[in-house]
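Hi,

Here is the structure I promised to pass on. Have a look at it first, and my notes follow below.

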Amino acid sequence: MSNSTISNAPFSEPRMSGMPMPATWPRRRLGGDLLIRLRQNIGVVTAIGLFCVIYLFYHFAHPKGFSSAVFVQNADEVFTLAMVAMAQTLPVLAAGLDLSVGAVMTMVGCLASYLMSGAAQGTPIEFSFGGTSHVLAVLPGGVIGIIIGVIICFVAGTLAGFVNGCVVVYGRIQPIIATLATGAIYIGIALFLRPTPGGKIDEDLNWALTNSLQDFASTVHIFDDGNAPWFAPLGAIPVPFILIVVIALVVWVPFRRSVTGRSVYAIGSAEGAAYMSGLRIDRAKLAAFTLAGFFAGCGGLFLAIQTSSGNADIPQAGAYTLNSIAAVVIGGTSLLGGTGGAIGSIFGALILRVISFFFRIFDIAPLLQPLFEGIILLAAVSIGALRVLRVKNTLELFR
Amino acid sequence: MVEESRVENTAKERDFLVLSGISKRYGGVVALENVDFACERGKIHAVLGENGAGKSTLIKIVAGVVQPDAGTMRLEGEEVRFPSPSSANAAGVASIFQELSLLPDLSVADNISITSPPRRLGFIDTKAQRRRAEALLAEIGCEDVNPLMRVRDLPLSRRQMVEIAKALGQKPQLFVLDEATSALTSADVEKVYAMLARLKAQNIAILYISHRMHEVEALADRASVFRNGRHIETFDWGRRSTGEIVQLMIGRDIATQYPPKPLRPKGKPALKLGNLCWERRLEAISLEVAAGEIVGLGGLDGQGQKTLLLALFGVLRGVTGEIVINGKPVRPSSPAFAKSPSVGIALVPEDRKTEGLMLPMSIADNLAIASLHTLETGPFVDRAKERSAVEKGIARLRIKVGDSKDAVSTLSGGNQQKVVIAKWLMTEPGIILLNDPTRGIDVGTKQEIYRLMRELADQGVAILFYSTDYDELIGCCDRVAIMYDGRIVRELEGTDLTEHNIITSALNIDGAAATSPPGEATHV
């Protein structure tokens, strides 16, 4: 056969276009859009399913199962971890890791323990240095003081996250080491603020936010002190649950639908391609860490309100950070970045907490708790890894 | 003549983009030197040259990915600077790069609208985004892609079409395609041609870079040849013959494109497949490859050719049927098993950047990585053995390296591919599986690969060679098996091995042709 005829023959002759395409080519791989969405969010779906199963089981096993009191208590215990897990989600989506979320939570909690006293004459903010106590500022008292205090806590958390972002983006330092360092700084600030546990939180504020909607309404005197007939069916809902839903809807959902949010996913998916697509990488990373700081700050604020004190507890900060990573993974977000979301992480946090609830009702020796928690965590994470068994093309395991 | 064409070019009023005196160095390496270049609206302008000639750098400068060290760039007479890809986008330059720039975890719709998604009240309007994706995909004849699918889950050829849709969606004034068709099937290439014709009619300037001469031949209105970082010549298409162009590109004449096929009796079968099935993607594959034979796998992209190679290399679980190697039935369970001396299979994978190479590791490390077990002394890798093996590998494929300690990512595409091939040759395989090994590499290197394949076959190696380029299959292979929908529909050999037969079988137009005896089909 002759090679010259081949190399000289232009390939674009209309002989191709005259041929009909085979009817079966190409085939649709999957049925409906719903199936595609389900398959792509399998991690979150699994987490929600798992949570529903174990939480139902918990209520059946609990002597006071399905009561408002149990719901309220559970919601109180979950809120902070859920917030810290949401915080962790953002850097993870951008293929990073934030080791300072627990520290930011602790720092904001210590700050909040000064700002929420609700005292009529106002609150002094002190910190100790060189053995003496210094008064930093005095806030106005009453409700206005509390509102200002909440805003200050939000700003403090957000600022801490922003600093993390700046170190990562402009310092070009890997997130894991950058936040290890800044986390130590935030714990240091927390220790300045609260060398020993203490502080005061307005009692009404504590009561209103850590109980049911009914209690909230009666404390702040709305809806006939919560006795309005239409309000009755909603009365049993725990306030922290409402807060999680509101924060998710008002902060997370819009963020995810924004260009910046999309960019965060893009960075975690393929940073080079994201840059080549003309996305603003620096801004998105900065936003991810900043928003992480905000969520962690929300967690710290609530923790202070719930415990009516501030405590620069270093082991607690570390435990929250590590649990946040576990919650993110259980919630279906890949540590490689690019897939998942904060809603999944909320369910991850729920699952982690429900596991620890079981220790209470089954009366397991406290010394065994870490052992069991570890085993159960490993089992829970392995469920996500089960898909590996169904993979027929082993190359896909390494992508 | 060179000077003449430059003057003629820059003087034109219609020039859309004009580069003058552009230079770029990477460390000590000159990528572009004092380049003057211009392209017009409503023309398809081909940029030709071997890898390392400076085409990619030129394109990257136009797209704002790299900044020139010297020189100016004018867009419709205005001097411009593109410090980032987004600034180039904003000025109306849309580019499709050789390295795919899609985000694998995001959906097709997300990817298409990634630079400027449709918004409502400040947020991304997912419904509008989806409609937009559907419209753009329809425009390039890709209605079969569901915009909800993740890019990760699409085959390479579809991904490339998504990339084209994405660039098209930016409403470009200058459309840059860098090897944009290298992974496409011929049917898709036709669709891209039609799209380019429409863009041309809309008076849009198009820069087209491709190693496939027949594409350039079909499309180009003008062409510029680059060599060693310099602009050699720009001419209207047709004023130079293909032979002359090739000579301008490589500075030497290429007499024969493909090494001659020896006429010799078929050797003993090295690889024999019987009724191989996997997951409805491979159906009853039966094929024989003799020692010393090059067997091609042809057909439309995604008909099971790559899957077959993966199955043989032990990547797929649940393969049923028979694999017989040198008379012994084997069941490859992993690549580690497949490459072991008793089996002796090597696979040059589809994507050299992710499956072929460890990009940040050195050239030497990459070369030795598959044959480390032969380089051991006790439990340690023997440095001296490793060094001599690496040197042999570099020499055998004539890989152009400065220092084998350099990261493999510093090499040009063609040389990277040579490293992948050399790495596998160092395992001394009896069977070599090649998955589109010449995709996106220059003519010179391609020919070296063809020659090498024939050399290996002469030494008794059995080669199974998948290529999307029909020319290549015809020129290189002793026999070509055409796959369609997971089956081998026809085997072509000798005088039957023609472009026409490949295309008819690939499209499975005439079911009878698949079973008709050789000789008759040529008259269809």
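Which residues in α12(A) meet which residues in α14(A)? On the α12(A) side they are A:T260, A:S263, A:V264 and A:I267, and on the α14(A) side A:I281, A:R283, A:A284, A:K285, A:A287 and A:A288 (contact: C-beta atoms, placed from the backbone, within 7 Å).

Before going on, some background. This is a predicted model, in which local features need pLDDT of at least 70 and side-chain atom pairs count only at pLDDT 80 or more, while totals for chains, interfaces and linings use all residues. Residues are numbered from 1 along each chain as its sequence is written, with chains lettered from A and ligands numbered from 1 in the order in which they are written.

Back to the helices (DSSP runs of H or I, at least four residues; strands are runs of E, at least two). The axes of α12 (residues 259-269) and α14 (residues 281-307) of chain A come within 9 Å and cross at roughly 100°. That makes α12(A) roughly perpendicular to α14(A) (65 to 115 degrees). Their contact has 6 nonpolar, 2 polar and 2 charged residues.

Chain B has two loop residues to look at. B:K171, between α6 (156-168) and β9 (174-178), has a positive phi near 50°. B:R280, between β13 (269-278) and β14 (282-290), has a positive phi near 60°. Most residues other than glycine have a negative phi. B:K171 counts as exposed because it has 11 C-beta neighbours inside 10 Å, and B:R280 counts as exposed with 9 (exposed: 12 or fewer other C-beta atoms within 10 Å).

Best wishes

Note on methods
Axes fitted to C-alpha atoms, helices over the stretch in contact; angles between N-to-C directions. Parallel < 35°, antiparallel > 145°, perpendicular 65-115°, else oblique. Contact = placed C-beta atoms within 7 Å. Nonpolar A, V, L, I, M, F, W, Y, C, P; charged D, E, K, R; others polar. Buried ≥ 20, exposed ≤ 12 C-beta atoms within 10 Å, placed from the backbone.
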